[in-house]
Amino acid sequence: MVDDSTIPPSPIYAQEGQPLVLAEAAKSTAMPLLSASGLVKRFGGICAIDGAEIEVQQGSITGLIGPNGAGKTTLFNLLSNFLQPDQGRVIFDGEPIHQLPSYQIARRGMVRTFQVARTLSRLSVLDNLLLGAQQQTGEKFWNTWFRQRQIAREEAQLQERAMEVLHSVGLAHMAQAYAGALSGGQRKLLEMGRALMTQPKLILLDEPAAGVNPTLINQICDRIQTWNREGMTFLVIEHNMDVVMSLCDRVWVLAEGKNLAVGTPAEIQTNPLVLEAYLGQ
Amino acid sequence: MHLFLSSCAVQALLSQLPIGYLVSLIIFAGTFALFSLGLNLQWGYTGLVNFGHVAFLTLGAYTTVLLSLNQVPLLLAVLIGSAVAALLGLAIGFSSLRLREDYLAIVTIGVSEVVRLITLNEEWLTRGSFGVYGYPTPLAELTRPTLASRWVMVALWTALFALAGWQLLRWALRHTKRTISNDTPSSLVSSRKLLASVATAVSGGILYLAGAIALLNYAEYPKAGLMLMLVIVLALVYWGLEVLGHSPWGRVLKAIREDEEVPKALGKNVFSYKLQSLMLGGAIAGLAGAFYAWQLSFINPDGFIPLITFQAWIIVVLGGAGNNAGTLLGAAILWAYFSLTRALPDLLNAISTVIPGIPTTLDDARVGAFRIMVIGLLLMVLMMLRPQGILGNKEELTLGR
């Protein structure tokens with residue numbers, strides 16, 4: 001048995017009375033937290049992303065909008081390397097990440113959600129959240145037998161933290177239910193909570209309000225704003241303009257794989273180029 | 001006098017038990033349980049569609065046997081056999097795990113046939129279809145163990161059964177508590193449960209007695225030691241897999257089974273976990289291969305046909321995917337079925353004396369095919385009535401994505 005009394009407590013757990021968001025401070029506050037430039041992605045003859053760029057400032061809620069087929073989700077996939085960009089650079093927290101596999105990008109603190117919420121249906125809601133925690137001792141094969149006491153202690157702490165997150169997203173009463181029993185909107189909330197469990201620096205949200213009833217939309221927006229006040233940075237794809245206008249500090253507009261405009265929500269709303277792209281000629 | 005009489009009666013009853021047969025039945029069922037636990041880890045937990053599981057069994061069996069024929073100590077030979085099977089998992093994983101999951105199914109089925117054809121054709125190594133025999137088996141030198149050591153073995157045997165019984169009892173109690181709290185006290189359900197527990201207790205008792213008698217009369221039943229060893233190994237592997245399944249490691253595997261993009265997005269190295277699952281499942285099957293060879297005491301490529309893979313699939317599906325206890329139960333049921341239907345030709349003969357027109361000239365091959373056909377039929381019925389398997393959780397299976 002390993003004497004684990006000498007192992008210092010892992011820093012990944014919430015201390016009592018602290019906010020849920022435990023984002024590490026970014027290495028430099030002068031540079032944007034995330035900046036991508038010159039991104040190109042071709043699918044056969046179609047150029048889905050054609051030299052797009054994007055910047056996300058530390059502590060902001062940045063919006064990414066554009067008509068259907070503009071390449072917003074593809075851009076997300078390139079940023080998180082679920083798709084390999086053909087060209088371009090992605091700098092996250094001062095380091096290039098476009099060569100890294102997706103899971104390492106997540107480990108560095110940039111975690112994404114999906115347009116169609118992906119829940120692990122046959123796992124409990126609580127297990128869905130626990131999966132999000134990083135650097136768990138019990139995730140290593142050999143540790144599962146030789147560090148059982150430490151794992152049990154970590155699990156207890158993680159469960160406590162997961163329950164706090166579940167309370168925060170209003171799913172605490174569902175903790176033991178299978179995630180497959182959740183409604184579409186609840187799945188979106190679950191995904192957000194799961195992303196928060198990884199203690200990221202930046203959360204990429206892909207249409208958090210799509211297909212969600214108005215009450216839950218308010219709840220989702222409220223969560224994003226609360227966590228943002230506590231220090232979390234967001235990049236949000238969204239079609240619902242009310243949501244974009246009320247949430248975002250800065251909005252990037254994408255059309256046909258290219259940047260169309262960038263500015264504050266008010267500027268974007270009156271930009272003739274944007275109106276044209278959305279409404280057609 | 002009275003005591004003497006009753007003990008005579010018990011002895012007369014026990015003498016009716018086909019002990020040698022029951023011992024080999026325990027060994028076969030145990031070997032297949034071990035073999036299927038590997039598949040359950042790969043498919044039930046991780047969702048890897050492995051249609052070539054027999055390849056791991058083949059490598060484990062041949063490596064162990066060939067090494068021990070060349071004076072490598074048995075324990076070392078088994079460990080190497082298991083490691084070689086794990087390496088096969090590594091090779092399969094590297095070549096196909098990055099592709100879509102259906103490719104894995106195709107690659108594994110191909111690999112298992114390649115492995116079998118190699119054992120058939122590389123005669124310098126495996127003696128081809130003539131097979132390998134005369135290899136050492138464990139505890140074989142113990143033909144005359146002392147009385148004390150025999151009692152120690154019986155004690156171990158008893159302890160294992162007590163442990164299993166205790167676990168079963170705890171599980172049953174928890175289960176009844178849950179059903180009571182769920183407020184569904186159907187008398188049908190409870191009578192079915194009663195029947196199941198009586199059947200379990202009776203068959204468990206018979207197997208225990210047969211094993212204990214075989215261990216006490218070791219000289220008469222030389223496979224008894226193998227049986228004890230196998231059951232100990234099975235218990236250890238089962239326990240290890242349960243610990244793994246309930247750990248954060250197991251949670252990642254289940255997440256991969258559900259939707260591998262999610263763990264990927266949450267910072268888990270999905271490829272590495274899949275490799276670990278494939279290798280560990282392979283190593284367990286390799287270990288089963290050694291016991292398979294020891295029990296058969298003669299192996300040739302005919303013992304490693306794709307049907308063996310599908311027997312493991314039957315066991316896992318029957319018991320409930322992703323449930324280790326279900327896998328053990330599945331193996332027990334399949335082998336109980338095999339042993340009970342062995343009497344099928346005799347039964348047909350008996351019936352034909354009463355009702356003429358029943359075909360009595362079924363040869364062994366036809367009866368064998370018929371037995372497997374009936375399994376297919378039973379599986380179809382099971383899938384319709386209870387798609388989650390016997391011990392599987394229905395809610396887990398039927399929830400929409």
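Which way, left-handed or right-handed, does helix 4 of chain B cross helix 5 of chain B? Here are my notes.

1. Some ground rules. This is a predicted model, in which local features need pLDDT of at least 70, side-chain atom pairs count only at pLDDT 80 or more, and totals for chains, interfaces and linings use all residues. Residues are numbered from 1 along each chain as its sequence is written, while chains are lettered from A and ligands numbered from 1 in the order in which they are written.

2. Back to the question: helix 4 of chain B passes helix 5 of chain B in a right-handed crossing (the near helix is turned clockwise from the far one by less than a right angle). Helices here are DSSP runs of H or I with at least four residues, and strands are E runs of at least two, numbered from the N terminus.

3. Helix 4 (residues 74–96) and helix 5 (residues 101–121) of chain B pack at about 140°, with axes 10 Å apart. Axes are lines fitted to C-alpha atoms, for helices over the stretch in contact, and angles run from 0 to 180 degrees between N-to-C directions. The two helices of chain B are therefore oblique to each other (under 35 degrees is roughly parallel, over 145 roughly antiparallel, 65 to 115 roughly perpendicular, the rest oblique).

4. Now the two chains. The contact takes 29 residues from chain A and 27 residues from chain B, where contact means C-beta atoms, placed from the backbone, within 7 Å. Helix 2 (102–107), strand 6 (110–112), helix 3 (125–132) and helix 4 (143–146) of chain A each supply at least two residues of chain A's side.

Key. Contact = placed C-beta atoms within 7 Å.
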